[in-house]
Amino acid sequence: MWWVGKRGTGSSRDSRDSRGLRGLRGLRGGHAASRTAIAYASDGAVRLALGGVTQVASVVDGREAALAALAAGLRELPRGTRLRIAVGGAVCRPFLLPEIDGAAGDAEWPAIAAALVEDATGLPPGSPVWLDGGQTSPRLAVAIDAAWLRGIEALGGRALDSIRPWWALAIDASTPSPFSAGLHGLAVADSEMLVLLLADGERYRVAQTYPLEGEAPQAVLSRALVTHDWPDEAVRLIEFDAGALPGQPVSDPLPFSKTVHRASDPSSSKERAA
Amino acid sequence: MRALTVEFAPARRPVAALAIWGAVCALMAIGLGTAAWQSWTHRQAVAARAASDAQEAARLRAQLRERADRAAASATAPAYARDALAVAKTAAFPMQPVLRSLETVAVDGVLVTAIELNAARGGADVTLAFDDYKALLAYLELLNEGEPAPRWSLVRAEASGARRQAVIRATWS
């Protein structure tokens with residue numbers, strides 16, 4: 001595990017680290033009680049931004065290290081700072097529930113979703129599940145790792161405003177989309193995972209997570225689209241900015257992301273072709 | 001693509017709203033408690049006053065009863081009471097029905113010779129002269145006819161030679 005940011009010690013990163021510290025010290029001296037910090041946490045990376053500036057950018061290995069890095073960053077925040085946390089696809093994964101004959105009532109779907117979490121997402125059984133009410137067939141569910149959730153809640157405490165998957169923020173940031181009609185999709189590559197969401201109009205048809213394992217997100221996406229026999233022209237790829245450094249401004253509208261590539265952009269198509 | 005409102009953060013407890021609500025509840029509890037205490041005190045006072053009034057009323061009733069008993073014990077019948085009673089009985093005596101029943105009954109061989117009305121006793125004694133007993137009994141039967149109970153009765157009948165005399169009595173009280 002290596003650290004980038006205010007806790008880093010490498011000589012090549014000293015100047016960046018000092019920028020992060022300066023930004024944080026400046027915030028601590030001011031009246032920042034109503035400010036909101038945005039964090040990203042996953043098994044491989046931790047980010048923390050305040051006031052539109054990245055404060056912590058760490059590469060970590062595993063949940064414990066990530067929570068420790070996040071806790072260290074949160075300790076430096078001004079008192080009263082609210083906290084919104086986005087988690088990666090390794091922590092929070094979407095999946096579609098199959099159509100089940102006889103599952104009539106809404107009260108049965110949470111139990112069905114809970115039973116399917118392990119097989120559908122690979123997350124441990126007992127992971128909390130959020131059920132989407134926007135479509136009934138197939139139903140979309142989102143599961144989050146229970147240990148991660150407990151750890152984040154313990155860290156955030158009363159300052160915690162939100163715990164959402166980063167890929168859900170990517171959906172928000174990408175709407176309104178020119179591909180909202182017909183077959184379209186969104187691929188969100190975060191620090192470890194590629195979350196693929198394919199939809200027909202307003203109805204999600206595919207919600208799946210693929211481990212990147214050091215591979216280029218575009219390659220993983222291309223294979224996944226072939227698997228699903230889905231046209232890649234209307235699939236948008238949003239990538240996590242793995243190289244962000246403390247002191248850098250946070251990208252807008254999706255924090256910690258690279259510049260958004262659109263499949264329909266000629267320049268993007270060229271890049272992808274290359 | 002349709003946005004997803006997925007959220008895993010625990011619902012925040014509205015501390016300020018809860019505090020305000022708690023304060024409002026506390027104030028309401030204090031107000032209600034005070035009102036209840038005042039009502040209880042007032043009720044106790046009213047109950048005590050009612051008990052006192054009831055005791056006073058009982059005392060007055062006992063006093064009145066004692067006076068009434070004392071007055072009844074010391075009361076003596078006035079001197080005119082007996083005469084008044086007689087007058088009342090006389091006034092209440094049905095003189096007309098007695099006379100009318102005698103007037104409406106006539107039997108051959110029976111002759112009324114004297115009528116003695118005794119209002120104080122509520123009766124009348126009629127002296128008759130009769131020829132034979134059969135006519136006398138027929139006369140009595142006619143007098144009692146229509147009465148729910150025989151009102152007239154034979155008191156005395158005697159015969160001395162050719163003269164026969166009887167006394168019949170009516171009771172009206």
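**Thr209(A).** I began with Thr209(A), which in this predicted model sits in strand β12 of chain A, the run of residues 203–211. I looked up its accessibility and found a relative accessible area of 18%, so Thr209(A) counts as buried, the cut-off being under 20%. Leaving out residues up to four places away in sequence, I listed what Thr209(A) touches: Gly89(A), Arg93(A) and Pro94(A), and also Met193(A), Leu194(A) and Val195(A).

**Chain A as a whole.** I then stepped back to the chain that holds this strand, and I noted 7 helices and 13 strands in chain A. Chain A has 274 residues, of which 51% count as buried. When I took the contacts in chain A between residues at least 6 apart in sequence, I found that 60% of them join residues at least 24 apart.

**Salt bridges within chain A.** A search over all chains of the structure gave me 11 salt bridges. One that I followed up pairs the side chains of Asp161(A) and Arg82(A), with 2.8 Å from N to O. Asp161(A) belongs to strand β9 of chain A and Arg82(A) to strand β5 (residues 82–87) of chain A, so this pair ties together parts that lie 79 residues apart in sequence. I checked how open Asp161(A) is and recorded it as partly exposed, at a relative accessible area of 26%.

Another pair that I looked up is Arg164(A) with Asp172(A), a salt bridge whose closest N and O atoms are 2.9 Å apart. Its two partners fall into separate classes in my notes: Arg164(A) is buried at 12% relative accessibility, whereas Asp172(A) is partly exposed at 29%. In chain B I also noted one network, in which Arg121(B), Asp125(B) and Arg169(B) are joined by salt bridges that share partners.

**Where the two chains meet.** How many residues does each chain bring to the contact? I counted 35 residues from chain A and 13 residues from chain B. Between them the two chains bury about 1,900 Å², and 60% of that area is on carbon and sulfur atoms.

Asp132(A) lies in the loop between β7 and β8 of chain A, while Arg2(B) lies in the segment before α1 (15–74) of chain B, so the pair joins two chains. Both ends are buried by my check, Asp132(A) at 4% relative accessibility and Arg2(B) at 13%. For polar contacts, I counted 9 residue pairs between chain A and chain B, with both residues at pLDDT 80 or more.

I also traced which elements of chain A give two or more residues to the side that touches chain B, and among them are the strands β7 (129–131) and β8 (139–144) and the helices α4 (146–156) and α5 (166–174). The element that gives the most to this side is β9(A), with 6 residues. Sorted by kind, the residues of chain A that touch chain B are 19 nonpolar, 8 polar and 8 charged.

**The nonpolar cores.** Which residues have the most contacts inside the largest nonpolar core? This core has 56 residues, and those with the most contacts inside it are Ile163(A), Trp166(A) and Trp167(A) from one chain and Phe8(B) from the other. I looked closely at Phe8(B) and, leaving aside its neighbours within four places in sequence, found it in contact with a set of chain A residues that includes Cys92(A), Pro128(A), Val129(A), Trp130(A), Val142(A), Ile144(A), Leu149(A) and Ile163(A).

**Gly122(B).** My last entry is on Gly122(B), which I placed in the loop between β1 (110–118) and β2 (123–130) of chain B. Is this glycine, Gly122(B), buried or exposed? I found Gly122(B) at 5% relative accessibility, which counts as buried. I also looked up how Gly122(B) stands to Ala92(B): the two are 30 residues apart in sequence, and their C-alpha atoms are 8.9 Å apart in space.

Methods. Residues numbered from 1 in each chain as written. Chains lettered and ligands numbered in written order. Predicted model: local features only at pLDDT ≥ 70, side-chain atom pairs only at ≥ 80, totals over all residues. Heavy atoms only, no water. Core = buried A, V, L, I, M, F, W, Y, C linked by side-chain atoms within 4.5 Å. Buried < 20%, exposed > 50% of the residue type's maximum accessible area, 1.4 Å probe, protein only. Contact = heavy atoms within 4.5 Å. Helix = DSSP H or I, 4+ residues; strand = E, 2+ residues; numbered from the N terminus. Buried area = accessible area lost by both parts, 1.4 Å probe. Polar contact = N/O pair within 3.5 Å; in protein donor to acceptor, adjacent residues only side chain to side chain. Nonpolar A, V, L, I, M, F, W, Y, C, P; charged D, E, K, R; others polar. Salt bridge = Lys/Arg side-chain N within 4 Å of Asp/Glu carboxyl O.
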